[in-house]
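Please keep the sequence and the coordinates at hand while reading.

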Amino acid sequence: MHSSFEKYIPFEPIPMQKRRWPDRTITQAPAWCSVDLRDGNQALVDPMNVEEKLRLFHTLVDIGLKEIEVGFPSASETEFSFIRTLIEGGHIPDDVTIQVLVQARAHLIQRTFEAISGAKNVILHFYNSTSTLQRKVVFRMDMDGIVKIAVEAAQLIKKLAKPVIASGVNLRYEYSPESFMGTEMDNAVHICTRVMEELGATKEKPVILNLPSTVENCMPNYFADEIEYFIANLPNRECAIISLHPHNDRGCGVATAELGLLAGADRVEGTLFGNGERTGNVDLVTLAMNLYTQRIDPKLDFSDINKIKEVYESVTKMKIGERQPYAGELVFTAFSGSHQDAINKGFQYMKKTKTDFWEVPYLPIDPADVGRQYEPIIRINSQSGKGGAAFIMQQNFDFDLPKAMHPEFGSVVQKETDRIGKELKPDRIYDLFMAEYVDINAPYRMIKHSFNETTDAEGNSHVTFSGTLAHKDTTFDVVGEGNGPIDAFFNAIRGQKMDKFTFVDYSEHAIHAGSDSKAVAYIHLRAMNGKDVFGVGISHNISLAPLRGILSAINRAKRMEII
Ligand code: KIV
Ligand code: ZN
């Protein structure tokens with residue numbers, strides 16, 4: 001008995017002695033055509049109504065699409081009337097060409113011509129299926145019969161087009177050998193050549209030959225071989241625009257399109273976010289943004305991806321996955337500690353060097369380029385590292401924690417993520433920071449204090465600190481002198497039980513909330529046993545903030561039983 005996989009017939013690659021596409025690079029954007037309103041719409045559980053289609057059409061125009069397949073007018077009244085609404089309602093800009101699809105069948109072609117009456121720029125797109133499998137099981141016809149269908153359709157189209165062109169319509173033709181990927185290449189070349197002849201393709205008026213992977217059934221490199229072979233063997237190649245129409249059955253639609261472009265194609269048909277029959281059509285957003293990251297102008301504008309996403313989800317009633325390239329909710333977010341650290345360093349590097357280039361590890365694109373600058377790049381869960389929490393404090397709350405403090409605060413946050421087993425939002429991280437470092441008033445607290453500052457003849461500052469401190473229920477007075485407030489305070493508490501630390505480092509900066517400005521001081525102390533501890537003090541008074549920071553560090557050391 002056969003194993004279940006043995007029933008499949010593997011794709012048979014065309015024999016190629018030498019291929020040129022692997023040595024090429026893509027240097028410019030192809031011509032794009034959206035098939036959202038046809039392939040995309042046909043594949044919906046609830047196809048769009050006219051209002052929804054109009055909304056999507058205008059969105060496609062705003063993105064910059066110049067060729068938009070607007071439907072299959074002979075297929076249903078809804079399709080027909082939508083196209084009439086577009087034309088009669090004046091919705092189509094002069095520089096946009098609408099494309100209409102029709103099978104290579106006489107009565108459907110006639111109806112399609114009725115649908116486009118009054119339009120300015122039209123691509124009439126006709127097709128019939130050519131693959132070995134379709135010929136065998138669907139049409140039960142040899143290749144000659146299949147060619148005859150395409151040729152007769154082309155003849156009829158040519159005839160019906162005459163008065164239309166005479167009336168001033170810019171009418172172009174597109175032919176698709178549907179299921180091209182599974183067609184013998186010499187047959188594909190032959191049928192397309194015959195169609196071009198019938199339509200009178202010239203260099204000035206080329207015919208679009210659309211080569212679909214209707215069902216993706218081979219690896220992208222084999223498809224690229226097919227395209228290269230097809231182009232190399234097509235007579236009068238210059239009289240054709242070679243178009244790709246990849247579907248995504250093997251999940252390789254984007255790669256198929258990119259390799260197809262390397263193999264010489266000029267144009268790509270696809271949809272926003274890869275909507276379409278089964279696994280969908282190739283995703284135009286990914287294709288365009290992939291070019292963008294290679295410093296190639298894609299000629300499509302995805303600078304407000306969230307807005308496009310919103311329209312898409314509303315009209316198709318489908319959801320965009322969190323991992324969808326360039327658009328998913330999580331695609332610019334790092335949870336992992338080492339990634340967060342590298343992203344952080346990338347941002348710092350860019351700021352410091354003022355580089356003209358995007359040089360941030362783990363972020364292939366600046367999220368701001370697709371309008372995603374306001375969302376958190378770094379999010380904190382139990383997988384996150386020591387620097388992530390400090391990054392959140394900086395990005396969201398303006399706290400610039402010294403580097404040496406990152407691991408300590410990172411562990412505080414990690415303990416909490418382990419405890420709750422969920423992501424921590426920035427507000428919770430802020431609360432943890434406050435509870436750990438700022439709202440810590442025991443066992444020591446300052447009840448009152450004063451500074452007296454004098455400057456001697458040489459300009460040296462001399463500060464006297466006098467204060468009353470409390471330790472649990474008892475209070476005591478301290479006085480100390482120094483060359484600054486911190487020094488004076490440290491000298492004041494010398495001899496007290498809290499005098500068990502050396503001062504390692506200190507930094508201070510302002511934080512602003514509206515017109516209110518406060519100083520935040522970070523204090524790094526080392527206990528006699530060599531253990532480090534940090535404290536944070538916040539005050540409107542820049543001299544008081546570090547003293548609060550010192551008390552915070554001492555209180556934390558007590559709490560952590562460092563001393
Ligand atoms: O996928 C396909 O083959 C098509 C054709 C009609 C172009 O959509
Ligand atoms: Zn298709």
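H245 counts as buried because its relative accessibility is 4%, where buried means under 20% relative accessible area, exposed over 50%, and partly exposed in between (1.4 Å probe, protein chains only). H247 likewise has 4% relative accessibility and therefore counts as buried. The model is predicted, so local features need pLDDT of at least 70 and side-chain atom pairs count only at pLDDT 80 or more, while totals for chains, interfaces and linings use all residues; side-chain values use heavy atoms, with hydrogens and water left out. Residues are numbered from 1 along each chain as its sequence is written, and chains are lettered from A and ligands numbered from 1 in the order in which they are written.

Both histidines belong to the metal site: the zinc ion (ligand 2) is coordinated by D39 (OD), H245 (NE2) and H247 (NE2), at 2.1 to 2.2 Å. Donors here are N, O and S atoms within 2.8 Å of the metal (3.2 Å for Na, K and Ca); water is not among the atoms, so sites may look incomplete. Along the chain, the donors of the zinc ion follow the spacing D-x205-H-x1-H.

Oxygen atoms of ligand 1 lie 3.1 Å from a polar side-chain atom of R38, 3.0 Å from an N or O atom in the side chain of H245, and 2.9 Å from a polar side-chain atom of H247.

Attention now turns to open space. The largest pocket has a volume of about 860 Å³. Of its 26 lining residues, F11, T132, L133, G182 and N217 are the closest to its centre. A pocket is an open set of points on a 1 Å grid over the protein atoms alone, where a 1.4 Å probe fits, with protein on both sides within 12 Å along at least five of seven lines; lining residues have an atom within 4 Å of a point. Helix 5 (residues 132–139) gives the most to this lining, with 6 residues; helices are DSSP runs (H or I, at least four residues) numbered from the N terminus.

The second largest pocket holds about 630 Å³ of space. Among its 29 lining residues, those closest to the centre are N344, F347, F391, Q394 and Q395. Helix 13 provides the largest share of this lining, 7 residues.

Technical notes. Grid points are joined across faces, edges and corners, and a volume is the space filled by probe spheres set on the points. Helices (H or I, at least four residues) and strands (E, at least two) are DSSP runs, numbered from the N terminus. A polar contact is a pair of N or O atoms within 3.5 Å; within protein, one must be able to donate a hydrogen and the other to accept it, and residues adjacent in sequence count only if both atoms are side-chain atoms.
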